[in-house]
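Here's a quick briefing on the model you have open. Have a look at the structure first, then we'll walk through the ligand shell, the core and a few loop spots.

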Amino acid sequence: MQAITRRLGHQSLQPATSISSLKSVYPLSDYYNGADHRRFGTTSIATPGTGHLVRKGTGGRSSVSGIIATVFGTTGFLGRYVVQQLAKMGSQVLVPFRGCEDDPRHLKLMGDLGQIVPMKFNPRDDNTIKATMAKANVVINLIGREYETRNYSFEDVNHFMAERIAGIAKEHGGIMRFIQISCLGASSSSPSRVFSTKAAAEEAVLRELPWATIMRPAAMIGTEDRLLNKWAQFVKKFNFFPLFGDGSTRIQPVYVVDVAAAVTAALKDDGTSMGKIYELGGPDIFTVHELAELMYDTIREYPHYVKVPFPVAKAVAMPREILLKKVPFPLPRPGLFNLDEINAYTSDTIVSDNALTFQDLGIVPHKLKGYPTEYLIWYRKGGPKFGSTVSERINPEAWP
Ligand SMILES: NC(=O)c1ccc[n+]([C@@H]2O[C@H](COP(=O)([O-])OP(=O)(O)OC[C@H]3O[C@@H](n4cnc5c(N)ncnc54)[C@H](OP(=O)(O)O)[C@@H]3O)[C@@H](O)[C@H]2O)c1
């Protein structure tokens with residue numbers, strides 16, 4: 001049936017009426033392998049706006065969810081969790097990548113044999129984007145970057161690429177669901193260019209596909225994150241933590257696994273998430289200072305803070321931005337002193353009062369205690385086995 005689903009692609013997503021009718025269309029080898037088994041019955045998929053995307057199947061890794069998803073940006077942090085959750089429910093995931101063949105290698109193990117399909121693409125070549133989407137019925141765009149490079153500006157990565165992918169999905173005609181990952185705080189008036197370009201991307205995607213789902217995750221926490229890992233690396237190296245402003249900016253970090261769960265929950269619903277914007281923040285609001293305390297507590301270092309006024313922080317971050325396009329070689333990635341992030345910290349980034357949230361997708365987000373932050377124990381001076389681990393000290397009853 002998998003082979004048949006793949007064959008059908010976007011051309012015909014109606015349930016097959018009978019196996020005998022398929023026999024006339026598809027060669028024996030395609031339908032014979034278990035296709036007529038009741039367990040692998042129809043995988044009918046709704047047209048935009050109606051019905052369930054996932055109707056049948058056992059729901060496990062070896063079943064057929066009916067989803068054939070092209071997920072852009074899978075080689076990043078969130079990507080691995082999205083691919084894992086899609087593959088776990090028996091979806092086929094097409095993985096466009098632009099780097100070397102090894103970039104998506106870790107993803108291949110997440111699904112059954114042949115279910116995770118890496119495909120080389122060039123983000124500036126429409127034909128390669130079309131090729132990665134040709135057989136898909138779902139598109140998820142995770143592409144984004146929090147710093148500029150010589151080749152790609154914020155507008156290129158966060159806005160134009162999303163617009164181009166949405167345009168191609170529209171042209172495709174058989175894409176049933178489109179999920180665009182934006183950022184909590186996305187606004188055209190934000191001093192952060194990531195936030196303003198993400199807002200422009202949302203607008204562009206909704207213009208092309210008004211039924212697309214937009215997800216705005218807050219800063220994400222998890223083993224490979226670029227928030228607490230970056231902070232911990234900085235304090236291990238310099239023995240202090242710079243509090244931009246006075247560290248009172250409020251943020252609402254979220255566990256990356258919950259964000260991936262929100263993506264799959266939106267795909268599994270009956271279409272209610274289509275055309276909606278979700279703000280995905282964690283259960284607790286922290287000031288930057290409080291979150292740094294949590295980080296210090298977990299890595300068991302004595303906290304040392306230095307308050308860095310915003311103008312000073314911006315002055316430290318500025319040289320990279322000035323030199324970026326002037327020097328004939330690539331510059332290193334910005335660390336903690338990333339001008340755009342410093343701009344983002346000038347105002348609170350929390351879920352707005354009337355926004356749709358995890359609750360509307362039936363998800364209870366994890367608290368940032370215990371397991372979600374336990375990866376930080378690797379930064380302990382005595383090694384990860386120094387003292388008890390965090391999860392040993394947390395009562396499992398306290399989990400949501
Ligand atoms: N991390 C957070 O805390 C956070 C918070 C809110 C929202 N978000 C958004 O969530 C999404 C996923 O975040 P993430 O942390 O997983 O990001 P990430 O780790 O930086 O991964 C970004 C992905 O986008 C791809 N990408 C970047 N620039 C590209 C370009 N010029 N052409 C083609 N592909 C490009 C990367 O591919 P390569 O591997 O080839 O570079 C990678 O697969 C992003 O849209 C981000 O803006 C993230």
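This is a predicted model: local features need pLDDT of at least 70, side-chain atom pairs count only at pLDDT 80 or more; totals for chains, interfaces and linings use all residues.

The protein chain has 14 helices and 13 strands, and of its 400 residues, 42% count as buried.

**Ligand shell**

- The ligand is surrounded by 24 residues, and the closest are Gly73, Gly76, Phe77, Leu78 and Gly144.
- Which helix gives the largest share of that shell? Helix 4 (residues 77-88) does, with three residues.

- Helix 10 (residues 256-268) passes a simple length check: at 1.5 Å a residue its 13 residues should span 18 Å, and the end C-alpha atoms sit 19 Å apart, which agrees.
- Eleven of the 13 residues of helix 10 are buried, so the rest of the structure largely encloses this helix.
- The buried set in helix 10 runs through Val256, Val257, Asp258, Val259, Ala260, Ala261, Ala262, Val263 and Thr264, and also takes in Ala266 and Leu267.
- The largest nonpolar core holds 93 residues, and the ones with the most contacts inside it are Ala69, Val82, Val138, Ala262 and Val263.
- Helix 10 supplies the largest share of this core, nine residues.
- What does Ala262 touch, if you skip residues up to four places away in sequence? The list is Met215, Tyr278, Leu280, Phe358, Leu361 and Ile363.

- Val138, another of the residues with the most contacts inside the core, lies in strand 4.
- Is Val138 buried or exposed? It's buried, because 27 other C-beta atoms lie within 10 Å and 20 or more is the cut-off.
- Not counting residues up to four places away in sequence, Val138 touches Ile67, Ile68, Ala69, Ile175, Met176, Arg177 and Leu267.
- Val138 and Ala169 are 31 residues apart in sequence, yet C-alpha to C-alpha they are 9.0 Å apart in space.
- Strand 4 (residues 138-141) pairs with strand 5 in the parallel sense, over four bridges; within that pairing, Val139 has Phe178 as its bridge partner in strand 5.
- Strand 5 (residues 177-181) has five of its five residues buried, so it is largely enclosed by the rest of the structure.

- Across the protein chain, take the contacts between residues at least 6 apart in sequence: 74% of them join residues at least 24 apart.
- Pro191 sits in the loop between strand 5 and helix 8 (193-208), and with 14 C-beta neighbours inside 10 Å it counts as partly exposed.
- Leaving aside neighbours within four places in sequence, Pro191 is in contact with Asn343 and Thr346; Pro191 and Ile342 are 151 residues apart in sequence and 9.6 Å apart in space, C-alpha to C-alpha.
- Ile377 is in the loop between helix 13 (339-344) and helix 14 (390-393), and it is partly exposed, with 19 other C-beta atoms within 10 Å.
- From Ile377 to Asp297 you go 80 residues in sequence but 9.9 Å in space, C-alpha to C-alpha.

**Positive phi outside glycine**

- Asn239 has a phi near 65°, a positive value in a residue other than glycine. You'll find Asn239 in the loop between helix 9 (228-238) and strand 8 (241-244), where it is exposed, with 10 other C-beta atoms within 10 Å.
- Arg300 isn't a glycine either, but has a positive phi of about 55°. Its place is the loop between helix 11 (288-299) and strand 13 (305-308), and with 14 other C-beta atoms within 10 Å, Arg300 is partly exposed.

Technical notes
Residues are numbered from 1 along each chain as its sequence is written. A residue is near a molecule or strand if its C-beta atom, placed from the backbone, lies within 6 Å of it. Helices (H or I, at least four residues) and strands (E, at least two) are DSSP runs, numbered from the N terminus. The expected span of a helix is 1.5 Å times one less than its number of residues. A residue is buried if 20 or more other C-beta atoms lie within 10 Å of its own, exposed if 12 or fewer, and partly exposed in between; C-beta atoms are placed from the backbone. A nonpolar core is a set of buried Ala, Val, Leu, Ile, Met, Phe, Trp, Tyr and Cys residues joined through C-beta atoms within 7 Å. Two residues are in contact if their C-beta atoms, placed from the backbone, lie within 7 Å. Two strands pair if DSSP finds at least two bridges between them.
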